Amino acid sequence: MPTRILGIDPGLTRCGFGAIELGVGRNVALIDVGVFRSSPSAELSVRIGTLADEIESLIHSVKPDVLALERVFAQANLRSVMGTAQISGVVLALAHKHGLPIALHTPSEVKAAVTGNGRANKDQVGQMVTRILGLSEMPKPADAADALAIAICNAWRGLPSPSDKNSTLTAAQKSWHAAIAASKSKP
């Protein structure tokens, strides 16, 4: 049975979203992609409320089985981190409200899942997303491509464990599952 995954690249000015459907094996197909925007000149509560309404409307239309969200990470630009954290909180609250499981993925995890390199640049991520989904052009802006990459990462990281007899995991995915299992067994 196909699984719908809604990836969110959180941001206060530009919030990327990408919805995909995971079919048999590693096959993924595009459902929807885009960016929600809020005006930096608007009041913070209006910006957050507007984005929350748009994300909730998207949840209603896409009907995802899971939400995948980029994990907030520290960076030098405090203003950017705050906006990312605020919208991440909105997404977490909406996942709870709608009873959706949520998966958090680090930027390097997403890059590694999609390109094989945890330090890939935005253009490399966009090119691989385009290739993986068989698109005629790269989703723009980069926030949209990043959201699709987050959804793809979740699709591929959430595949059955390598011990499943019918598993179609790649060697890298098997290593990933082994590392997760090893980290869970440590005290």
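Predicted model: local features only at pLDDT ≥ 70, side-chain atom pairs only at ≥ 80, totals over all residues.

**Entry 1**

Residues are numbered from 1 along each chain as its sequence is written, and side-chain values use heavy atoms, with hydrogens and water left out.

Helices here are DSSP runs of H or I with at least four residues, strands are runs of E with at least two, and both are numbered from the N terminus.

I stayed with Asp123, which lies in helix H4. Its side chain makes a polar contact of 2.6 Å with that of Gln127. By polar contact I mean N or O atoms within 3.5 Å; within protein, one must be able to donate a hydrogen and the other to accept it, and residues adjacent in sequence count only if both atoms are side-chain atoms.

How exposed is Asp123? I found 41% relative accessibility, so Asp123 counts as partly exposed. The cut-offs are under 20% relative accessible area for buried and over 50% for exposed, with partly exposed in between (1.4 Å probe, protein chains only). I also checked Asp123 against Ala142: they are 19 residues apart in sequence and 7.9 Å apart in space, C-alpha to C-alpha.

**Entry 2: the rest of H4**

I tested the length of H4 (residues 122–133): its twelve residues, at 1.5 Å a residue, should span 16 Å, and the end C-alpha atoms are 16 Å apart, which agrees. The expected span is 1.5 Å times one less than the number of residues.

Which residues of H4 are buried? I listed Val125, Gly126, Val129, Thr130 and Leu133. They cover an arc of only 135° around the axis, so they sit on the same side of H4; the arc is that of the directions from the helix axis to the C-beta atoms. Their cover includes E2, E3, helix H3 (107–115) and helix H5 (142–157). Just after H4, I noted Gly134 with a positive phi of about 65°.

**Entry 3: the sheet**

Next I traced the five strands, which form an open sheet in the order E3-E2-E1-E4-E5 with mixed pairing. Strands pair if DSSP finds at least two bridges between them. Strand E3 (28–37) and strand E5 (102–105) stand at the edges with a single partner strand each, so one side of each has no neighbour in the sheet. From one strand to the next, the twist averages 20°.

I then followed E1 (residues 3–9). Seven bridges join E1 to E2, antiparallel, and a hairpin of four residues connects the two. Leu6 stands opposite Ala19 in E2. Towards E4 (residues 66–70), E1 runs parallel, with four bridges; there Gly7 stands opposite Ala68 and Ile8 opposite Leu69. Five of the seven residues of E1 are buried, so E1 is largely enclosed by the rest of the structure.

**Entry 4: the whole chain**

Last, I counted six helices and five strands, running β-β-β-α-β-α-β-α-α-α-α from the N terminus. Of the 187 residues, 42% count as buried.

Notes. Axes fitted to C-alpha atoms, helices over the stretch in contact; angles between N-to-C directions. Contact = heavy atoms within 4.5 Å.
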